[in-house]
Amino acid sequence: MVAGAGQERPETYVKGEGDFRRMMARDDLDAVYIATPWQWHTPMAVYAMKRKQYAGVEVPCAITLDECWQLVKTSEETGIPCMMMENWSFRRDNLAVLNMIRKGLLGSIVHCHCAHSHNCVSWYVDKKWPIEHLLKRCADQYPTHSLGPVLSWMDINCGDRFDTVVSMATNQWGITDQLSRQHGKDNPQARLDWKQGDIVTTMVRTVKGKTIVINMDMQLPRPYDNRWMIQGTRGLYDEQRNSVYLAGEGKLHTPEKWSPFDPYQAKYEHQWWRGKDSPGGSFDRPGDGGVDPLELALFFDAVRNKTRTPIDVYDSVVMNCIFPLSEISIAKGSQPVKCPDFTCGKWETTKPKFAVDETVTA
Ligand SMILES: NC(=O)c1ccc[n+]([C@@H]2O[C@H](COP(=O)([O-])OP(=O)(O)OC[C@H]3O[C@@H](n4cnc5c(N)ncnc54)[C@H](O)[C@@H]3O)[C@@H](O)[C@H]2O)c1
C-alpha cells in the first residue's frame with residue numbers, strides 16, 4: 001500500500017510475534033507507535049523505553065495493575081516518556097471545557113459523569129476486539145475514552161488523585177441476543193459463555209472528595225455516546241445537551257435555564273484548535289474531525305523536541321487502571337478497592353500540565 005502510494009517501501013518485521021524486538025534493536029528509531037492486540041501493549045512499550053525509544057501506546061495501555069506499574073517504573077528508570085494515545089482528551093469541545101474550568105467558570109469541581117457507549121458486538125464477531133478478555137473477564141474493559149478528558153477537568157495527578165473504586169456489572173444478554181438475531185441462535189459465538197456484563201457502572205471517589213460515575217456500555221444496540229457531565233460549585237457542562245448552566249457572579253438565584261455551549265466553545269477555544277481549520281478527520285462520527293491527527297502531531301512534536309509527551313505515564317495508567325480495579329471490585333461483590341498512587345506522592349505538588357493554555361484571557 002505504501003509503495004503503491006508512491007512512497008519508499010517500508011521495512012517489515014514479520015518473523016513471528018516477538019519480531020518487534022528485532023525492529024526495536026535498530027539504533028535509528030526515536031519512537032514506536034504500538035497498535036497491536038492488548039496483551040502486547042505493555043511488553044512492547046517497556047521494551048521500547050528500555051531501547052530509549054518514546055512509547056506511544058494505543059488504548060488500553062495495560063491490562064493488569066502489574067502492567068500499569070511496569071510502565072511507570074520503566075519510564076521512571078529510563079527517563080523515556082510513555083503516552084497512552086487517548087484521543088478524546090484532545091477533542092475540541094473537551095479542551096474548551098478544560099479552559100472554562102481552569103478559568104473558574106464552574107467554581108470548584110465536585111462531580112462528573114462519563115461513559116463509553118458504543119455497540120461493538122460486530123467487532124467482537126470480526127475478532128477485531130480481543131474476545132478472550134470478554135469471555136474470561138468482567139470489568140470496565142475500555143475506561144479511557146470516558147475518563148480521558150475527565151482527568152484534567154478534575155486535576156487528577158496534579159492536586160488530587162483517585163482513592164476508592166466501586167464497580168457493579170449487569171448480566172450479559174446483549175452479545176448473545178445480537179449474535180442470535182444476526183446469525184441464528186446456533187451460531188457458535190452466540191452459544192459461548194461470555195463473562196463480560198453488558199453495562200458496568202463504576203464509582204470513583206478522589207482523595208479530595210470529588211466523585212465520578214463511569215459507564216461501560218458496549219454490548220447493546222445503540223448510537224455512540226460519551227455522556228460527559230462535569231459539575232462544580234458554580235455550574236455545570238452537559239455534553240449531551242450541548243449546554244452549560246452557570247450560576248453567575250454573586251447571584252444566588254439564577255434562573256434554572258440551560259445556555260447553549262457553542263458561544264462558550266468559541267470564547268474558550270483551546271489554542272490547539274483556534275485560528276486554524278481542523279487538521280482533518282479520520283472518523284465519521286460528528287465532532288471527531290481532526291482529533292487523531294492533532295494527537296499524533298503533538299506526540300511526534302514531543303519526540304522531535306525530546307520533551308515530555310502531552311499525556312504522561314501517570315495519566316496514562318490512571319485512566320487505564322479502572323480496567324483491573326473494576327474487575328477486582330466486581331469479583332468481590334462490588335466491594336470498594338483502593339486505587340494505587342502511581343505517582344508515589346508527586347500528585348500533591350505537581351502543577352496542571354496537560355494542555356495548559358496561557359493564551360485564553362476571558
Ligand atoms: N483510540 C481509539 O479510538 C481506538 C480505536 C480502535 C482501536 N484502538 C486500539 O488499537 C489497537 C489495534 O486495534 P485494531 O482494531 O487496529 O486491531 P487489528 O487487530 O485490526 O490490528 C492489530 C495489528 O497488530 C498486528 N499484530 C498482532 N500481534 C503482533 C505482534 N506480536 N507484533 C507486531 N504486530 C502484531 C496484527 O497483525 C494487526 O495488523 C487495539 O489495542 C485497540 O484497542 C483504539
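Two strands are taken to pair if DSSP finds at least two bridges between them. In this predicted model, strand β5 (residues 162-169) meets that condition with strand β6 (residues 199-206), the two running in the antiparallel sense over seven bridges. Within this pairing, Met168 stands opposite Thr201 in β6. Both strands belong to an open sheet of nine strands, ordered β11-β10-β9-β8-β4-β7-β6-β5-β12, with mixed pairing. At its edges lie β11 (259-260) and β12 (337-338), each of which pairs on one side only.

Helix α7 (residues 144-153) lies across several strands, namely β4 (109-117), β5, β7 (211-217), β8 (229-232) and β9 (235-238), and runs at about 160° to β4.

Turning to helix α8 (residues 174-183), we find Gly174, Ile175, Gln178 and Leu179 buried. These residues cover an arc of only 115° around the axis, and therefore sit on the same side of α8. Just after α8, Gly184 adopts a positive phi of about 90°.

Helix α2 (residues 41-50) packs with helix α3 (residues 65-78) at an angle of about 10°, their axes 9 Å apart. Angles under 35 degrees count as roughly parallel, and α2 and α3 are therefore roughly parallel to each other. From α2, the contact draws on Thr42, Pro43, Ala45, Val46, Met49 and Lys50, while α3 contributes Glu67, Gln70, Leu71, Thr74, Ser75 and Thr78. By class, five residues of this contact are nonpolar, five polar and two charged.

Key. Residues numbered from 1 in each chain as written. Predicted model: local features only at pLDDT ≥ 70, side-chain atom pairs only at ≥ 80, totals over all residues. Heavy atoms only, no water. Axes fitted to C-alpha atoms, helices over the stretch in contact; angles between N-to-C directions. Helix = DSSP H or I, 4+ residues; strand = E, 2+ residues; numbered from the N terminus. Parallel < 35°, antiparallel > 145°, perpendicular 65-115°, else oblique. Contact = heavy atoms within 4.5 Å. Nonpolar A, V, L, I, M, F, W, Y, C, P; charged D, E, K, R; others polar. Buried < 20%, exposed > 50% of the residue type's maximum accessible area, 1.4 Å probe, protein only. Arc of directions from axis to C-beta.
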